[in-house]
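Keep the picture beside you as you read.

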Amino acid sequence: MVIRATAQRLRDRRRRAADRRFGVRLLGSAAVAAVAAVPFGLLLVLVEGHWEPLRRLDAGAARRLHEAALEHPAWTDTLRFLSDRVWDPFTLRTVVALLTVWLLYRRAWRLAAWSAVTAVTGGLVGLLVKVVVERARPSLVDPVAHAPGFSFPSGHAMTATTSFAVLLLVLLPMVPRAARALCWCAAVGSVLGVGFTRIALGVHWFSDVVGGWLLGLAVVALTAWAFEAWRSDAGRGRARLREGLEPELTDAHPEPGPSGRERADGSVRG
């Protein structure tokens, strides 16, 4: 009994230490996310430096898509509905918030923390970069849509990237293997679709959308790294991307704790 109690105390101490490191890594990754993405940093330099090839690409894409929007009002109304209702940042953030509440109900505490931190960090970092860069939105004759604030990076594109990544990486364990490829296609297609609507409606430059995608990916990659580091510290194996961040989410107890089941080697599974 003494040996078993000692072993249990050691395991509990290991879990608490892993949790502390997980929190530090989550906060650290949130701070580093704004400057860690090299492709985004390069794009930012080109935007700030008014690189002529990029300016021509932005202007050409805006002009052609704006002409198409003026010629096809029904198509434009559909894009506006998708952008302002289905893929609106408020809608996507609400879905992620509901997912986080569900994770708390499932007692997947750390996965809920990852979901919340990823969503909040994405929004705050995107807003900070907008304020720093202060890029003006496209100014078009006879615009078909309007949007407030600065232009770079696209908040819609960044929110879509972080939100669909959270939904995908959390819910994949609940999806049958045969349907997971379809889920990936739907998520990627939605993120690309969000970017297209913002350019076609004339409220963002092409480079704004690419910047939102890159910065969103940086946030997700860094917070996911923090979560994987916690799994390693807690004695769990590395999860494969196609199985989601926490494959144990389908178990009765998805995360290690007092109600978790111990393996013979002392590691913990949900």
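Start by finding Ser-83, which sits in helix α4, the stretch covering residues 73–86. Keep in mind that you're looking at a predicted model. Is Ser-83 buried or exposed? Its relative accessible area is 1%, and since anything under 20% counts as buried, Ser-83 is buried.

So who are its neighbours? Setting aside residues up to four places away in sequence, Ser-83 touches Asp-88, His-156, Thr-197, Arg-198 and Leu-201. With one of these, Arg-198, there's a polar contact: the two side chains meet at 2.7 Å.

Now hop over to Phe-196, which lies in helix α8 (residues 177–200). Along the chain, Phe-196 and Ser-83 are 113 residues apart, yet in space their C-alpha atoms are 9.5 Å apart. Phe-196 has a relative accessible area of 37%. That value falls between the 20% and 50% cut-offs, so Phe-196 is described as partly exposed. Leaving out its neighbours within four places in sequence, Phe-196 is in contact with Leu-65, Trp-75 and Leu-79.

Next, let's see how some of the helices pack. Two packed helices are described by the angle between their axes and the distance between the axes. Sorted by class, the contact of α3 with α4 has five nonpolar residues, one polar and one charged.

For another kind of arrangement, look at helix α6 (residues 109–133) and helix α7 (residues 155–171). Their axes come within 10 Å and cross at roughly 170°. An angle over 145 degrees counts as roughly antiparallel, and therefore α6 is roughly antiparallel to α7. On the α6 side, the residues involved are Leu-111, Trp-114, Ser-115, Thr-118, Gly-122, Val-125, Gly-126 and Lys-130. They meet Gly-155, Met-158, Thr-162, Ala-165, Val-166, Leu-169 and Val-170 of α7. By class, the contact of α6 with α7 has eight nonpolar, six polar and one charged residues.

While you're at α7, pick out another serine, Ser-163, found in this helix. Ser-163 is buried, with a relative accessible area of 3%. Not counting residues up to four places away in sequence, Ser-163 touches Leu-92 and Val-96.

Finally, zoom out to the whole protein. How many helices and strands does the protein have? There are nine helices and two strands, and from the N terminus they run α-α-α-α-α-α-α-α-α-β-β. Of the 270 residues, 48% are buried. Among contacts with a separation of 6 or more, 74% involve residues 24 or more positions apart.

Conventions:
Residues numbered from 1 in each chain as written. Predicted model: local features only at pLDDT ≥ 70, side-chain atom pairs only at ≥ 80, totals over all residues. Heavy atoms only, no water. Helix = DSSP H or I, 4+ residues; strand = E, 2+ residues; numbered from the N terminus. Buried < 20%, exposed > 50% of the residue type's maximum accessible area, 1.4 Å probe, protein only. Contact = heavy atoms within 4.5 Å. Polar contact = N/O pair within 3.5 Å; in protein donor to acceptor, adjacent residues only side chain to side chain. Axes fitted to C-alpha atoms, helices over the stretch in contact; angles between N-to-C directions. Parallel < 35°, antiparallel > 145°, perpendicular 65-115°, else oblique. Nonpolar A, V, L, I, M, F, W, Y, C, P; charged D, E, K, R; others polar.
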